[in-house]
Amino acid sequence: MCPDPGTEGYAAELAARHTAPPAPEDVDWDALRAKAIEIMGKAYAPYSNFPVGVAGIVDDGRVVVGCNVENAAYGVGLCAECGMVSELHATGGGTLVAVSCVGGDGQPLMPCGRCRQLLWENGGPECLLLTPEGVLPMREVLPQAFGPDNLTAARHPA
Ligand SMILES: [Zn+2]
């Protein structure tokens, strides 16, 4: 059952899910990026030839992954982060605490705008992201983000 997105309980529940992340130095970024590179090899990107892989550590220690999946109808292609977030929920939920996204060269790749929103929802402001400029928390990757609190704060009065 989905909670009512307009209640404080829902926002509070989302906030409670966003547990403190590990310290950046406590994450094995090389191993996480290696996982992202491995899954990037599974990408289905025949139209752009731009494979992407992503791997994330969940607060319970699980690692979830995703790759981009394109479509002949270009607009319905799925970013790698979509697959990773689906695996997150399909395998028990939880909160992302550290994420590495790579392009075809295996180097850190910034998530697109929509996927930053996905990471925000599922990792919160303190989730760490390996970027081309180093490890950054999501609050710096998506400043002034729209999130669950906005649903209650800006709700139309009944
Ligand atoms: Zn994306």
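**Strand pairing and core**

Tutor: In this predicted model, strand β4 (residues 128-131) pairs with strand β5 (residues 134-137) in the antiparallel sense, over four bridges.

Student: How many residues lie between β4 and β5 in their hairpin?

Tutor: The two strands pair in the antiparallel sense, and L130 has V135 in β5 as its bridge partner. β4 and β5 form a hairpin, and the number of residues between them is two.

Student: Which element gives the most residues to the largest nonpolar core?

Tutor: The largest nonpolar core has 33 residues, and those with the most contacts inside it include V99, C101, L119 and C127. Elements that give two or more residues to this core are α2 (29-40), β1 (53-58), β2 (63-67), α3 (80-90), β3 (96-102), α4 (113-123) and β4. The element that gives the most, with six residues, is β3.

Student: Is L96 buried or exposed?

Tutor: L96 has its place in strand β3. A residue counts as buried if 20 or more other C-beta atoms lie within 10 Å of its own. Because L96 has 28 other C-beta atoms within 10 Å, L96 is buried.

Student: How far apart in space are L96 and E121, C-alpha to C-alpha?

Tutor: Leaving aside neighbours within four places in sequence, the contacts of L96 include L119, N122 and G123. L96 and E121 are 25 residues apart in sequence, and their C-alpha to C-alpha separation in space is 9.4 Å.

Student: Leaving aside neighbours within four places in sequence, with which residues is L119 in contact?

Tutor: L119 is among the residues with the most contacts inside the largest nonpolar core. With neighbours within four places in sequence left aside, the residues in contact with L119 are E81, L96, V99, P111, C127, L129 and M138.

Student: Against which elements do the buried residues of α3 pack?

Tutor: The buried residues of α3 are A80, E81, G83, M84, V85 and L88. After α3 comes G92, whose phi is positive, near 125 degrees. The elements against which the buried residues of α3 pack are β1, β2, β3 and α4.

Student: Of the contacts in the protein chain with a separation of 6 or more, what percentage is accounted for by residues 24 or more positions apart?

Tutor: The protein chain has six helices and five strands, and buried residues make up 32% of its 158 residues. Among contacts with a separation of 6 or more, the share from residues 24 or more positions apart is 57%.

Technical notes: Residues are numbered from 1 along each chain as its sequence is written. This is a predicted model: local features need pLDDT of at least 70, side-chain atom pairs count only at pLDDT 80 or more; totals for chains, interfaces and linings use all residues. Two strands pair if DSSP finds at least two bridges between them. A nonpolar core is a set of buried Ala, Val, Leu, Ile, Met, Phe, Trp, Tyr and Cys residues joined through C-beta atoms within 7 Å. A residue is buried if 20 or more other C-beta atoms lie within 10 Å of its own, exposed if 12 or fewer, and partly exposed in between; C-beta atoms are placed from the backbone. Two residues are in contact if their C-beta atoms, placed from the backbone, lie within 7 Å.
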